[in-house]
Amino acid sequence: MSEMIQAAILRSAAVLERMAADAVACETIGAIIETSVAALQAGGKLLFCGNGGSAADAQHWAGELVARFMYDRPGLAAIALTTDSSILTAVGNDYGYDYGFARQVEALGRPGDVLFALSTSGRSANVLAAVRAAKRLGMRVAGFTGEGGGEMPALCDHCLRVPSGVTPQVQEAHEVAGHIICAAIEQRMFPRPV
């Protein structure tokens, strides 16, 4: 059992090492931070969406920004589009499941806001619909996907492609990237000595 556990940990570590060595991935994370800070400084907000584990990441990152990450400071404007069951079921019933996030983007998004779109495959129809809605509104889009990327890279302003096609490993790397982004946004918006 311990060998299986150690092997799983080492596989995840290898993905993170590949991501750390990938200059494009690191530059993409930096660009997402800059885009997010610029939006917040201009009075905009960050919207988050994803399915399954990526929905949990969307909620997690929004929570870190609204509440706090490393230290106490004023809340930041971040909304997870994955949490309102009444909206999701109403839109799903009236328009179809694929429009649950897009409809919320249309209602809440404004030019200059940023949509964080998480899809490990890059092919989630409801996430892609939200991305297209955001682009129509003049929002910026930060995509998070795996090495294949699906349609996401072509549609996003910035798209982090984790160097793995294994869903759990992609999600683990997204979580690391999300923590880096939340920490950097917090520090840039409310600087404190490190």
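The structure is a predicted model, in which local features need pLDDT of at least 70 and side-chain atom pairs count only at pLDDT 80 or more, while totals for chains, interfaces and linings use all residues. Residues are numbered from 1 along each chain as its sequence is written, and side-chain values use heavy atoms, with hydrogens and water left out. Helices (H or I, at least four residues) and strands (E, at least two) are DSSP runs numbered from the N terminus.

**Nonpolar cores**

- The largest nonpolar core comprises 33 residues; a nonpolar core is a set of buried Ala, Val, Leu, Ile, Met, Phe, Trp, Tyr and Cys residues joined through side-chain atoms within 4.5 Å.
- Buried means under 20% relative accessible area, exposed over 50%, and partly exposed in between, with a 1.4 Å probe and protein chains only.
- L46, F48, L65, F116, F144, I181 and I185 have the most contacts inside the largest core.
- At least two residues of this core come from each of α1 (2-21), α2, β1 (46-49), α3 (53-66), β2 (78-80), β3 (114-118), β4 (140-145) and α8.
- Not counting residues up to four places away in sequence, F116 touches I32, S36, L46, L47, F48, C49, W61, A142, F144 and I181; contact means heavy atoms within 4.5 Å.
- Another core, of 20 residues, lies apart from the largest one and has A129, V131, M152 and C159 among its members.

- Two packed helices are described by the angle between their axes and the distance between the axes.
- Axes are lines fitted to C-alpha atoms, for helices over the stretch in contact, and angles run from 0 to 180 degrees between N-to-C directions.
- Helix α2 (residues 23-41) and helix α8 (residues 167-189) have axes that come within 9 Å and cross at roughly 40 degrees.
- The helices α2 and α8 are therefore oblique to each other; angles under 35 degrees count as roughly parallel, over 145 as roughly antiparallel, 65 to 115 as roughly perpendicular and the rest as oblique.
- The crossing of α2 with α8 is right-handed; a crossing is right-handed if the near helix is turned clockwise from the far one by less than a right angle, and left-handed if anticlockwise.
- In this pair, I29, I32, I33, E34, S36, V37, L40 and Q41 of α2 meet A177, I180, I181, A184, I185, R188 and M189 of α8.
- The contact of α2 with α8 has 11 nonpolar, two polar and two charged residues; Ala, Val, Leu, Ile, Met, Phe, Trp, Tyr, Cys and Pro count as nonpolar, Asp, Glu, Lys and Arg as charged, and the others, Gly among them, as polar.
- The axes of α3 and α8 come within 10 Å and cross at roughly 15 degrees, and the two helices are therefore roughly parallel.
- The crossing of α3 and α8 is right-handed.
- From α3, G53, S54, D57, H60, W61, E64 and L65 meet Q171, H174, E175, G178, H179, C182 and I185 in α8.
- By class, the contact of α3 with α8 divides into four nonpolar, seven polar and three charged residues.

- In helix α5 (residues 100-108), the buried residues are G100, F101, A102, Q104 and V105.
- Their cover includes β1, α4 (85-94), β3 and α6 (125-137).
- The axes of α4 and α5 come within 8 Å and cross at roughly 110 degrees, so the two helices are roughly perpendicular.
- I87, L88 and V91 of α4 meet G100, F101, R103 and Q104 of α5.

- G50 is placed in the loop between β1 and α3 and counts as buried at 1% relative accessibility.
- The C-alpha atoms of G50 and T82 are separated by 7.1 Å, with the residues 32 apart along the chain.
- Leaving aside neighbours within four places in sequence, G50 is in contact with A55, A58, T82, F101, L118 and V127.
- M19 lies in helix α1 and is buried, with a relative accessible area of 6%.
- M19 and S164, 145 residues apart along the chain, have C-alpha atoms separated by 9.3 Å.
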